[in-house]
Amino acid sequence: MGNRDIELIKKIAALKKKKNAVILVHNYQLGEVQDIADFIGDSLELSQNAAKTNASVIVFCGVHFMAETASILCPDKVVLLPDMNAGCPMANMITAERLREKKKEHPQAVVVCYVNSSAEVKAESDICCTSANAVKVVESLDAREIIFVPDQYLGHYVSTKTSKKMILWPGFCPTHARIKPERIKELKRDYPQARVVVHPECRPEVIALADEVLSTSGMCRYARRDDVREMVVGTEMGIIHRLRRENPGKRFIPISEQAICPNMKLITLEKVLWSLEEMNPEVKVPEEIRLRAKAAVDKMLKIGGK
Ligand code: SF4
């Protein structure tokens, strides 16, 4: 770490104290940003932590929908997203208006919405899910037909675990879609002892070759197991920093140098400092949307589960 980073970290720590702020950092963030986290985790874990904290300001180091989810759960806190351009291309593949049209085509269907979506889309949905609890959420519903938005690959994965009819929205994560089955085959040849663990946002052909299909929080738990010494990590590369820090002596092999989410990398130490200095950019969900979106999030939280 250079002198510049040390200076920045000191300034961030002082301002954090002064403003009664907490720094929440997603597993895919840059290593130096992960290292200043008060909490690190997946989007839902972070929002749940946000709801519990006594801090009055949340600096959310992630992408826009995550900061929105924190604002949905904690309307009284100031939620800062250090770079407003940090969006999620998958969340942007659907709008509330297009979802309303889809609902008209399938009036009997229940809408399950992956948390990687805007507050407006959540507000149009019956219930949310995460990559960790999607199967449990779908199975819990008293409905035969499910409109699943916006991730077709997570939706497809769920469809292999349920007998319900799944209508899949054609969205996808461009970062996970770059992971190809040929690469998994190559890595299996090169590291025959390694467990191959992939995220359910990956393509079905990739999932078919994996030993485990896990969310990022699931991957972090799995890596702690004594019988796991070597792991091929089939998700965004940022998580490798956390896995190596938490599991010294174990080997973590990134699936591909291309598995990088450029939006996640927009947040830097400088931007964290500026956001605290200026208390900006702030993410705030309008109350009417917030209440409807919160109903969908709350229904999921009641179900809980991995
Ligand atoms: S990794 Fe994929 S799903 Fe996550 S923020 Fe980036 S584009 Fe969106």
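Student: How many cavities of 30 Å³ or more does the structure hold?

Tutor: This is a predicted model, and the structure holds one cavity of 30 Å³ or more. The volume of the largest cavity is about 300 Å³. Of the 28 residues that line the largest cavity, H26, Y28, M66, N116 and E201 are the closest to its centre. The elements giving two or more residues to this lining are α3 (43–52), α4 (64–73) and α9 (174–177).

Student: Which element gives the most to the lining of the largest cavity?

Tutor: That is α9, with three residues.

Student: What makes the space a cavity, and what takes it up?

Tutor: A cavity is a set of grid points where a 1.4 Å probe fits but cannot get out, found over the protein atoms alone. The ligand takes up the space of the largest cavity.

Student: Which residues are around the ligand, and what makes them count?

Tutor: A residue counts if one of its heavy atoms lies within 4 Å of the molecule. The residues around the ligand are Y28, V63, C88, P89, M90, N116, C173, E201, C261 and M264.

Student: How do the residues of the shell around the ligand divide?

Tutor: The shell has eight nonpolar residues, one polar and one charged. Tyr, Cys, Met, Val and Pro count as nonpolar, so Y28, V63, C88, P89, M90, C173, C261 and M264 fall in that group. Glu counts as charged, so E201 is the charged residue. The lining of the largest cavity divides into 14 nonpolar, twelve polar and two charged residues.

Student: Why are β11 and β12 said to pair?

Tutor: Pairing needs at least two bridges. Strand β11 (residues 230–234) and strand β12 (residues 251–254) have four bridges, in the parallel sense, and therefore pair. Within this pair, V232 stands opposite I253 in β12. From β11 the chain crosses through helix α13 (residues 239–246) to β12, a right-handed β-α-β crossover.

Student: What joins strand β9 to β11?

Tutor: Four bridges join strand β9 (residues 195–198) to β11, and the two run parallel. V196 has V232 in β11 as its bridge partner.

Student: What is the order of the open sheet, and what makes a strand an edge strand?

Tutor: The open sheet of four strands has the order β10-β9-β11-β12, with parallel pairing. Its edge strands are β10 (212–213) and β12, as each pairs on one side only.

Student: What joins V149 and P150?

Tutor: A cis peptide bond joins V149 and P150, with omega of about -15 degrees. P150 is in the loop between β7 (145–149) and α8 (152–159). N280 and P281 are also joined by a cis peptide bond, where omega is about -5 degrees. P281 has its place in the loop between α14 (269–278) and α15 (287–303).

Student: What is the phi of N20, and where does N20 lie?

Tutor: N20 is not a glycine, yet its phi is positive, about 50 degrees. N20 lies in the loop between α1 (3–19) and β1 (21–26).

How values were computed
Residues are numbered from 1 along each chain as its sequence is written. This is a predicted model: local features need pLDDT of at least 70, side-chain atom pairs count only at pLDDT 80 or more; totals for chains, interfaces and linings use all residues. Side-chain values use heavy atoms; hydrogens and water are left out. A crossover is right-handed if, with the strands pointing away from the viewer, the path from the first strand over the helix to the second runs clockwise. On a 1 Å grid over the protein atoms alone, a cavity is a set of points where a 1.4 Å probe fits but cannot get out, and a pocket is an open set with protein on both sides within 12 Å along at least five of seven lines; lining residues have an atom within 4 Å of a point. A molecule sits in a cavity or pocket if more than half of its atoms lie within 2 Å of its grid points. Grid points are joined across faces, edges and corners, and a volume is the space filled by probe spheres set on the points.
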